[in-house]
Amino acid sequence: DITALDRSHGMLSRAAAKGVYRRLVRGTLADAPTLFAQQQFSAIVAIGVFTFAHADPADLVALDEVLRPGGWVVIAVR
């Protein structure tokens, strides 16, 4: 049960082609609290998101609002 969130229509189209996402949502990380229910996710994975000139560290606060207590956040950067 995987949800994709991206502000780019093109990236969401690429995600849809993979056939692994249940839901594709267009928006930014800062929009997460308005796009999703409070504490909706048990885990959040961000791959290549928190890097130079991309997502802001303050966006972690928005993600925290949609993460369940005790949930996991995995951030991978190269």
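User: Let's start with V66: which element is it in?
Analyst: V66 has its place in helix α3. Helices here are DSSP runs of H or I with at least four residues, strands are runs of E with at least two, and both are numbered from the N terminus. Before we go on, this is a predicted model, where local features need pLDDT of at least 70 and side-chain atom pairs count only at pLDDT 80 or more, while totals for chains, interfaces and linings use all residues. Residues are numbered from 1 along each chain as its sequence is written, and side-chain values use heavy atoms, with hydrogens and water left out.

User: Why does V66 count as buried?
Analyst: Buried means under 20% relative accessible area, exposed means over 50%, and partly exposed is in between (1.4 Å probe, protein chains only). V66 comes in at 2% relative accessibility, so it counts as buried.

User: What is V66 in contact with, leaving aside its neighbours within four places in sequence?
Analyst: Contact means heavy atoms within 4.5 Å. By that rule, and with those neighbours left aside, V66 touches A32, P33, F36, A37, Q39, Q40, F41 and I44.

User: Which residues of α3 are buried?
Analyst: α3 covers residues 59-66, and its buried residues are D59, A62, L63 and V66. Looking down the axis of α3, those buried residues fall within an arc of 100 degrees, so they line one face of the helix. That arc is taken from the directions pointing from the helix axis to the C-beta atoms. They pack against α2 (32-35), β3 (41-47) and β4 (67-76).

User: What about the other side of α3: which residues are exposed there?
Analyst: On that side you'll find V61 and D64. D64 has a relative accessible area of 52%, which is why it's called exposed. D64 and Q39 sit 25 residues apart in sequence, and their C-alpha atoms are 8.0 Å apart in space.

User: Why does Q39 count as partly exposed?
Analyst: Its relative accessibility is 43%, so Q39 counts as partly exposed. Q39 is found in the loop between α2 and β3. Its phi is near 55 degrees, a positive value in a residue other than glycine. Most residues other than glycine have a negative phi. A53 also has a positive phi, of about 60 degrees, and isn't a glycine. A53 lies in the loop between β3 and α3, and its 69% relative accessibility is why it counts as exposed.

User: How do you know that the pair F36 and F41 is edge-to-face?
Analyst: Rings of Phe, Tyr and Trp (its six-membered ring) pair if their centres lie within 6.5 Å; planes under 30 degrees apart are stacked, over 60 edge-to-face, and the rest tilted. A search of the whole structure turns up one aromatic pair. The ring centres of F36 and F41 are 5.1 Å apart and their planes are at 75 degrees, so this pair is edge-to-face. F36, at 7% relative accessibility, counts as buried, and F41 counts as buried at 16%.

User: What makes up the largest nonpolar core?
Analyst: A nonpolar core is a set of buried Ala, Val, Leu, Ile, Met, Phe, Trp, Tyr and Cys residues joined through side-chain atoms within 4.5 Å. The largest one here has twelve residues in all, including F36, F41, L63 and V66. The elements giving two or more residues to this core are β3 and α3, and β3 supplies the largest share, three residues. In soluble globular proteins, nonpolar side chains tend to be buried together.

User: How many bridges join β3 to β4?
Analyst: Strands pair if DSSP finds at least two bridges between them. Six bridges join β3 to β4, and these strands run parallel. One example: I47 has A76 in β4 as its bridge partner.

User: What kind of unit do β3, α3 and β4 make?
Analyst: They make a right-handed β-α-β unit. Right-handed means that, with the strands pointing away from you, the path from the first strand over the helix to the second runs clockwise. β1, helix α1 (residues 9-18) and β2 also make a right-handed β-α-β unit.

User: How many bridges join β1 to β2?
Analyst: Four bridges join β1 (residues 3-6) to β2 (residues 23-26), and the two run parallel. L5 stands opposite V25 in β2.
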